[in-house]
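Student: I have a protein model open on my screen and would like to get to know it. Could you walk me through it?

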Amino acid sequence: MVSPKIVAAVAAFAAAVCDGVPCRADPPQTSLELIRPLGDTYNERSSDGDGYPQSLGVRLLLARRDYAVTLQYWRNVYLTESGGPGALTRYARLEGGFGTVAPFIARDSSFEAHLETRISRALPLYAGIGAVRTWTNYHYPVLTGAGAGLELHAATTPGMRPFVSAFYYPAASGAYVTETAPARTMTPAFGIFKIDCGVVLRRGNSRLFGVLGYGSEVRHGRGLSEENRFIRSDPYAGFGVRM
């Protein structure tokens, strides 16, 4: 389980990065961002999955008065090689034991939605509830769960404007049919912790802006082997448009 100290530290960082920046009640805003992940993925099938060009992030923000909705789709694409060239990929099964498979192009995708309310008048800091859904193109459960977190939205004024969010989903779960006989259905649960931080680069009154950031996602199985985990470490760059 993620320590409350981590969430508190993110909140403190959100306040710190806005210190000295003109913070005010921001006007209503709608923005759409397209992002290119540039990092790595680590899980049962990959010891260092470098991102392929098909990796993609899309983020939508709708903010009105004291409420905001954020929607985000994220896809990581990578090769599952965990040994030398030509070696089979060895992975830990969720039911225990190990399997092997020829290296393949893996796709790990997630969709996340936040419903938030503003908790600070001095800066655009929000607390909210969230829902997450993850899926893959290989034999793995589709995980669905609910959670909560904090998010600092980037100010709408020109310049370099920071943003940060931290959301925790304590028990995302989904059905999984075992690979080993006799086949049975399990419902494993995973704790999912996501952190996202960076800066928005705004110039004058332009509707277009740049985005530089870092996203991290950690999933740990409850009651499963320590090898049943997912770690995403994603520096990223992109652009957005204010609508």
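Tutor: Gladly! This is a predicted model, where local features need pLDDT of at least 70, side-chain atom pairs count only at pLDDT 80 or more, and totals for chains, interfaces and linings use all residues. Residues are numbered from 1 along each chain as its sequence is written, and side-chain values use heavy atoms, with hydrogens and water left out.

Student: What percentage of the residues in the protein chain is buried?

Tutor: Buried means under 20% relative accessible area, with exposed over 50% and partly exposed in between, using a 1.4 Å probe and protein chains only. The protein chain has 243 residues, and the buried share is 47%.

Student: How many helices and strands are there in the protein chain?

Tutor: Both are DSSP runs numbered from the N terminus: helices are H or I with at least four residues, strands are E with at least two. By that count, the protein chain has one helix and 16 strands.

Student: Which parts does the aromatic pair of Y168 and F193 tie together?

Tutor: Rings of Phe, Tyr and Trp (its six-membered ring) pair if their centres lie within 6.5 Å; planes under 30 degrees apart count as stacked, over 60 as edge-to-face and the rest as tilted. The whole structure has six aromatic pairs, and Y168 with F193 is edge-to-face, at 6.3 Å centre to centre and 70° between the planes. Y168 is buried at a relative accessible area of 14%, and F193 is buried at 10%. Y168 and F193 are 25 residues apart in sequence, so the pair ties together strand β11 (residues 159–173) and strand β14 (residues 189–202).

Student: Which residue lies over the face of F230?

Tutor: A charge sits over a ring if NZ of Lys or CZ of Arg is within 6 Å of the ring centre and within 35 degrees of the ring normal. For F230, at 3.9 Å from the ring centre, it is R219.

Student: Which strand gives the largest share of the lining of the largest cavity?

Tutor: On a 1 Å grid over the protein atoms alone, a cavity is a set of points where a 1.4 Å probe fits but cannot get out, and lining residues have an atom within 4 Å of a point. Grid points are joined across faces, edges and corners, and a volume is the space filled by probe spheres set on the points. The largest cavity, about 380 Å³, is lined by 30 residues, with R59, Q72, E151, F163 and D196 nearest its centre. The largest share, five residues, comes from β14.

Terms used. 1 Å grid on protein atoms, 1.4 Å probe; cavity = no way out; pocket = protein on both sides within 12 Å on 5 of 7 lines; lining within 4 Å.
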